[in-house]
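This report examines how one protein chain is arranged, from its overall division down to individual contacts. The sequence and structure are shown first.

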Amino acid sequence: MDILDLYELPTIIQLQGNVPKKEQWKRTIKLKVDKFCKDKTLTESERKSSLKFMNTENFEINKHHKVWKVKHLPRFELRKAIIKTRMITGTYILQADKHKFTPYTVEPICQLCKTNNEDITHFLTTCPILSTTREKYFLDIRKEITDKITPAKLNCTFMNKTAIVQLLIDCSKYKELFDNCEKFMENIENKTRNMLLEMHIERLKMKIMDNK
Ligand SMILES: [Zn+2]
């Protein structure tokens, strides 16, 4: 395929007939290349089940995801953003993921509770070993949301575990539910970021204790 075709630019014949000015050409190229990258990223992300919790509705090329809006105590905040990004992009490896890569040698069962397969939903919403840490952070998040929306809306939206995982991993999916309130979204983003880091630390601690 011709490179002009690839980026939906005018053909060489059209360009020879109407040579654009340098600045105008630069702007056109940037717009078309950005559009190409955006469309390609969105198409590929739809195909990947590992990205199912990443909200791509407001995705823009050259704009970072809200998870990277890091302020105060940069190093510690950076660690939270890294953990959360790994969960958003499906690269936070749990037992069920290890099992997918090496099905004959690794069991998918959660090594902490040994009751269910350890996928992201089990880790974040049901593993009984992590319930104290989970409740400590989630009750606060729930209270913030209860103060913002009606109990009926809350129960209707977050009636299943997948919706709760979505809220914890990428709450921007619920932008409209939260009246597009940037300040509120930022607050939930910070609280979920804290929760995910603590869950991550607690899981590691429990695994180390279990191996002793
Ligand atoms: Zn478990």
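Into which domains is the protein divided?

## Domain organisation

The model discussed here is predicted. Its chain is divided into domain 1, covering residues 3-47, and domain 2, covering residues 66-211. A distance of 39 Å separates the C-alpha centres of domain 1 and domain 2.

## Helix α3

Helix α3 comprises 26 residues, 22-47.

Is α3 buried or in the open? The number of buried residues among its 26 is 0, and α3 therefore lies largely in the open.

## The largest nonpolar core

The largest nonpolar core contains 20 residues, among which Ile-120, Leu-124 and Leu-168 touch the most other members. Two or more residues of this core come from each of α6 (120-126), α9 (161-169) and α10 (182-211).

When neighbours within four places in sequence are left aside, Ile-120 is in contact with Met-87, Leu-94 and Val-165.

## Packing of α4 against α10

How do the axes of α4 and α10 cross? The axis of α4 (residues 74-88) comes within 9 Å of that of α10, and the two cross at roughly 85°. Because angles of 65 to 115 degrees count as roughly perpendicular, α4 and α10 are therefore roughly perpendicular to each other.

On the α4 side, the residues that meet α10 are Arg-79, Lys-80, Ala-81, Ile-83, Lys-84 and Met-87. Their counterparts in α10 are Arg-193, Asn-194, Leu-196, Leu-197 and His-200.

Definitions and conventions: Residues numbered from 1 in each chain as written. Predicted model: local features only at pLDDT ≥ 70, side-chain atom pairs only at ≥ 80, totals over all residues. Helix = DSSP H or I, 4+ residues; strand = E, 2+ residues; numbered from the N terminus. Expected span 1.5 Å × (residues − 1). Buried ≥ 20, exposed ≤ 12 C-beta atoms within 10 Å, placed from the backbone. Domains from an automatic or database assignment. Core = buried A, V, L, I, M, F, W, Y, C linked by C-beta atoms within 7 Å. Contact = placed C-beta atoms within 7 Å. Axes fitted to C-alpha atoms, helices over the stretch in contact; angles between N-to-C directions. Parallel < 35°, antiparallel > 145°, perpendicular 65-115°, else oblique.
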